[in-house]
Amino acid sequence: MVVDDPAADARATRDRDGAGPRQAWSALPWLVRSAVLWSACLVVVVTGLYLLGKIAVLLAPLAIALAATIFLTALLDPVLLLLRRLRLPAALAALLTVLLLLGILVGVGALVWNLTASQFDQLSQELTQGLDRTRDYVTSTLPVTDAQLDDLVQQARRGLGSSSLDPVAGARTATEVLGSALLALVLLFFLLKDGRSMWHWVLSRMTGPNRPLVTEAGRAGWRTLGAYSRGTMMIAAIDAIGIGIALVVLGVPLALPLALITFLGGFVPIIGATVAGAVAVLVALAANGPTTALLTLAAVIAVQQIEGNLLEPLIMKRQVRLHPAVILVAVTAGTLVAGIAGAFVSVPITAVLWRVIDTVQAHRSAGTGDHGGRVHPATS
């Protein structure tokens with residue numbers, strides 16, 4: 001005789017209900033399970049980055065000031081250390097470093113303005129003439145009519161100038177820029193003066209086995225940011241000098257403003273140098289014709305190839321080297337999220353994050369005894 005047991009029936013039902021999803025998950029191929037897990041992690045990471053980007057856009061003046069402060073602190077840290085080795089107090093060394101930065105910026109700005117202020121109108125005219133010659137070349141060699149080009153130009157102008165100028169909005173923007181600059185200078189002084197003590201204070205509040213890992217990852221990220229900032233400035237200066245000399249030799253007018261544009265464009269990898277080179281070629285085309293424009297293009301390509309294949313590996317070394325595809329994706333994402341400011345900060349953020357992740361992975365591999373032939377970040 002079979003006796004019904006309600007409790008046993010309930011347990012069996014729960015086991016069947018619980019075993020169903022587990023059995024279905026176990027029955028999936030390992031590739032599908034891995035894809036699901038990685039996709040879920042990717043969704044979480046992308047969502048977090050998107051939310052951080054939106055917050056940074058809402059707090060744009062503060063975010064730009066913080067980014068500029070951290071970048072300048074990493075750039076000027078060797079100067080501060082040199083002054084500290086001379087036994088100067090921390091506050092005085094930080095103040096002298098900030099004053100040195102201001103002196104360089106004001107001096108370079110005044111020099112460039114005195115030499116090129118009267119030439120910026122000419123630069124605009126040269127670009128317009130270059131675009132006209134390019135248009136004539138396109139219409140004469142490609143199956144494109146003048147009317148079609150006019151329609152494209154009008155659409156672009158409407159897209160760029162769809163909103164009328166607002167004096168109030170312009171004044172607010174100027175105030176925000178001035179406030180961000182002042183805030184960045186004040187924060188720069190305090191970070192140079194107390195940055196290391198702030199970091200030690202953060203580490204002192206951490207306990208447990210993760211403290212050495214955080215210390216090592218933070219140092220690796222800071223070294224990467226410093227190497228990137230100094231290396232980027234050196235490479236941008238070399239590009240500007242090389243292209244500027246080529247423009248002077250070829251007799252292209254406005255060589256100094258074009259070299260300055262090349263220098264500023266060097267802080268946006270790949271895309272900035274391409275845009276700056278295109279501007280130089282257009283000016284050469286307008287001023288001296290297609291032969292000089294082709295020679296200018298050859299000079300720009302030669303300088304950029306020497307910079308990318310020889311100088312960048314020597315200056316940047318392994319700590320901040322990223323694949324060009326990663327750089328393009330980072331610059332595009334930064335531009336879409338925060339415009340020009342996002343394009344400037346996207347690559348250093350990516351480089352620092354990559355170095356921190358690489359350090360964490362190396363630390364965990366060393367902890368488990370599986371080095372896998374990796375080089376420790378501290379020795380690279």
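Select helix H2 (30–58) and helix H3 (60–85): each supplies at least two residues of a nonpolar surface patch. Helices here are DSSP runs of H or I with at least four residues, strands are runs of E with at least two, and both are numbered from the N terminus. The model is predicted: local features require pLDDT of at least 70 and side-chain atom pairs pLDDT 80 or more, while totals for chains, interfaces and linings use all residues. Residues are numbered from 1 along each chain as its sequence is written, and side-chain values use heavy atoms, without hydrogens and water.

Next, select Val45, Leu49, Leu52, Ile55, Leu58, Leu59, Leu62, Leu66 and Leu183, which make up the patch of about 850 Å². A salt bridge places a side-chain nitrogen of Lys or Arg within 4 Å of a carboxyl oxygen of Asp or Glu. Helix H2 gives the most to this patch, with 5 residues.

Now centre on Leu58, which lies in helix H2. Is Leu58 buried or exposed? Its relative accessible area is 74%, so Leu58 is exposed; the cut-offs are under 20% for buried and over 50% for exposed, with partly exposed in between (1.4 Å probe, protein chains only).

Finally, display the whole chain, which has 12 helices and 0 strands. Of its 380 residues, 27% count as buried.

How values were computed:
Patch = residues over 30% accessible without salt bridge, like charges linked within 9 Å, V, L, I, M, F, W, Y side chains within 5 Å. Areas by Shrake-Rupley, 256 points an atom, 1.4 Å probe, with all protein chains shown as cover.
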